[in-house]
Amino acid sequence: MHSLQISDIADPIAPISPGVKASCVYERFRDTPDLMVLAVADDIGQVLGLVERHTFNLKMAAEFGRALYGRKPISALMDREPLMVEADTPLNDFTGAMLQDCPSELMRGFIVTKNKRYYGVGTSLAVLRAISADLQRAFHVQHEMTQDLIALGAEAQRHQGFLNMVIQNIPAMVLVKQAQDQTVVLLNQTGEALLGVSSQSAVGKTSHDLFSPERAALYDAYDRQALQSDCPVVLEEERIIDGRGQERIIQLKKTVLRKPNGEADSILTLGMDLTEQKHAEAQIAQLAHYDPLTGLANRTLFTEDMEKAMARAVRRRHGQTALHCLDLDRFKAVNDSYGHLAGDELLIEVARRLRKCVRKGDVVARMGGDEFAIIQDIERPSDAQGLAGRIVEAMRVPFSLTNAQVEIGVSIGIALSPGDAKDMHNLMSRADMALYRVKSEGRNNWCFYSAEMDEKLLHRMELEHDLKQALERDEFELHFQPLLNLKTSEIVSFEALLRWRHPRRGLVSPVDFIPVAEESGLIGPIGEWVLRTACRSAAAWPSPWRVAVNISPVQFRHKCLTQLVKSTLKESGLPPRQLELEITETVILNHETHNITVLNAIRGLGVRIAMDDFGTGYSSLSYLRAFPFDKIKIDQSFIRDLPHDRNALSIVRAIIDMAQTLGVHITAEGVETEAQLDALESLNCDEAQGYLIGRPAPGIETYFTAVKRYV
């Protein structure tokens, strides 16, 4: 009789390349239910690893797992030290040694090699089938060779004992019942632990003898279903209480074993313990639907709940759904001043306060960063108004963090469904419009969406669309306004002012398009164009006049601003002392440490730095301590009432005296009358700018000849 070797049970499945994506392997396992093991090998058959179905599927079971591992090469997920055996190894020697030393390795599958090159894969099921076939052949020989009955009986007993050892060590429940009366014939050790009964007490008993009437009736129904089916019956999830009183989740597969004539002989039940897999799936689901920092719903879960809430609002006759979109005010300042750990601590406390403001059933979600959203079922708009008011008041209370006490606020935009929108996308868009309105009107408040916001948004979108094409179409131009030195009566510099000549709208005011450019991120390329154009123009002027260029606070977010100034000066050939950058106090207020570092670097190039619109901010004086400005420009609101308004006169005099003490140059903006000019001269102001001196114009040819006093 031929003695079985490993090669007899090896499955010559083609190995996969280590570069194959995990998602492809997952699909192959999914589409081939009987495929248990795949080998990973290189082009010359050198074995690199093994992929076992259940271990691999545990990682890829949930959508989050597939998203996390799906694009990775299978080499990142394979078992790099698989069990390997040569093809000519006797089967009995191999399985005997494995079951005695490490039966769990056998259950994971193994790789068969020939001359140290890949030959095929083996599984415990293949081993079991081979041993079963071997046993059947042994019985056949017993039938044919009665003269060797004793020897053959001993061989059969040996195989039977070996088969029992395999069954007892399988890490899955094996339960066999007689088909005729459903009495238990066999129960392995794993089955004993799962069902909480011993094999000795179970054999010869039915389900009704071992379990409660309800559970026994359920198991009988499963057995009848299997007996009536020509295919195995799979029961995906069955919850049982194991021998230690703990709930386990198992997958049952029932197969009817039939006699040669087709009559049902027995019912084989295999039970796989899915408890750990289900726990892993639950953890993945938690990560997939909840924000790990605050514990609030994340954007994915918010989307699902929002769709359900809007469907409820449609079904309810008078019900509505309120969507609150929230942005924290001054959160970035906390992050920049105290660090991200303080920012995270603040977000956790914000989430706690939001939970206290809402009712049970309301959904609070963190959409990302410092953005939150709330879904609220309401009967009337005042319900949403009440919640928004509670949230605004809750956020006004100072937050006590580990290393600081901070004050922030919150801006809230509210949209109602179905009145404002009947689909989620439009509802969120309109809540965002309301939020934008709150921000533009001072923040730390709430606002309902209204239809007129659509018109403003449409206008803004059109303006942004045209603005994106303005640079490409060369629609921008610079106008220059002169600055007069009041001590020498000479023009000493020009401020470069941006103008947009729109093909349909004509000249668009910077007041209209600069905020849109800043919010859309277009101010970066536009600001670069202004700086380069102004420097090239000034480099060609016949006199060494300075050129002043306004820099937006948004431009400071780009780390390359210093390099931009440096490269522009080099390309244009303009001496650094002839360039003056004008900023507003917002530059110091936002990201103070970073922006002052940038200003110092630019000033180190030899460029002058001026503060524009001085006096309009609530803390302008403090900024003179934060950075040594070369010039401050007094806002025109203080110049307008000179010389007749005594208060305005006193304020301007105080600013000039202070600047002289600090050694800072002073320019008065908005000078339109000779009386204003005379007053500024008497106050010993350094420079004047305004329509009296000269209006902004595309060219400065008028000033090419020596100019005294003003034009």
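Throughout these legends, buried means under 20% relative accessible area and exposed means over 50%, with partly exposed in between (1.4 Å probe, protein chains only). The model is predicted, so local features need pLDDT of at least 70 and side-chain atom pairs count only at pLDDT 80 or more, while totals for chains, interfaces and linings use all residues. Residues are numbered from 1 along each chain as its sequence is written, and side-chain values use heavy atoms, with hydrogens and water left out. Helices (H or I, at least four residues) and strands (E, at least two) are DSSP runs, numbered from the N terminus.

**View A. Lys116 sits in the loop between E4 and E5.** With a relative accessibility of 67%, Lys116 counts as exposed. Its phi is near 65°, a positive value in a residue other than glycine.

**View B. Here is the open sheet of three strands, in the order E3-E4-E5.** Strands pair if DSSP finds at least two bridges between them, and the pairing in this sheet is mixed. At the edges are strand E3 (84–86) and strand E5 (117–122), each of which pairs on one side only. On average, neighbouring strands of this sheet are turned by 35° against each other, direction ignored. E3 runs parallel to strand E4 (residues 110–114), and the two share three bridges. Look for Met84, which stands opposite Ile111 in E4.

**View C. Phe29 and Phe56 make one of the twelve aromatic pairs in the structure.** Rings of Phe, Tyr and Trp (its six-membered ring) pair if their centres lie within 6.5 Å; planes under 30 degrees apart are stacked, over 60 edge-to-face, and the rest tilted. In this pair the ring centres are 5.9 Å apart and the planes are at 50°, so it is tilted. Phe29 belongs to helix H2 (residues 22–31) and Phe56 to helix H3 (residues 53–60), so the pair ties together parts that are 27 residues apart in sequence. Phe29 is buried at 0% relative accessibility, and Phe56 is buried too, at 3%.

**View D. Ring pairs link Phe480, Phe494, Trp541, Trp545 and Tyr703 into a cluster.**

**View E. Two arginines sit over aromatic rings.** The test is that NZ of Lys or CZ of Arg is within 6 Å of the ring centre and within 35 degrees of the ring normal. The charged end of Arg353 is 3.5 Å from the ring centre of Phe399. Arg695, meanwhile, lies over the face of Tyr691, 3.9 Å from the ring centre.

**View F. Helix H21 (residues 523–539) packs against helix H22 (residues 561–572).** The axes are 9 Å apart, at an angle of about 30°; axes are lines fitted to C-alpha atoms, for helices over the stretch in contact, and angles run from 0 to 180 degrees between N-to-C directions. That makes H21 roughly parallel to H22 (under 35 degrees; over 145 is roughly antiparallel, 65 to 115 roughly perpendicular, the rest oblique). H21 passes H22 in a right-handed crossing, with the near helix turned clockwise from the far one by less than a right angle.

**View G. Two prolines follow cis peptide bonds.** The bond from Ser417 to Pro418 has omega near 10°, and Pro418 is in the loop between strand E16 (409–417) and helix H18 (424–440). For Leu642 to Pro643, omega is near 0°; Pro643 is in the loop between helix H26 (636–639) and helix H27 (646–662).
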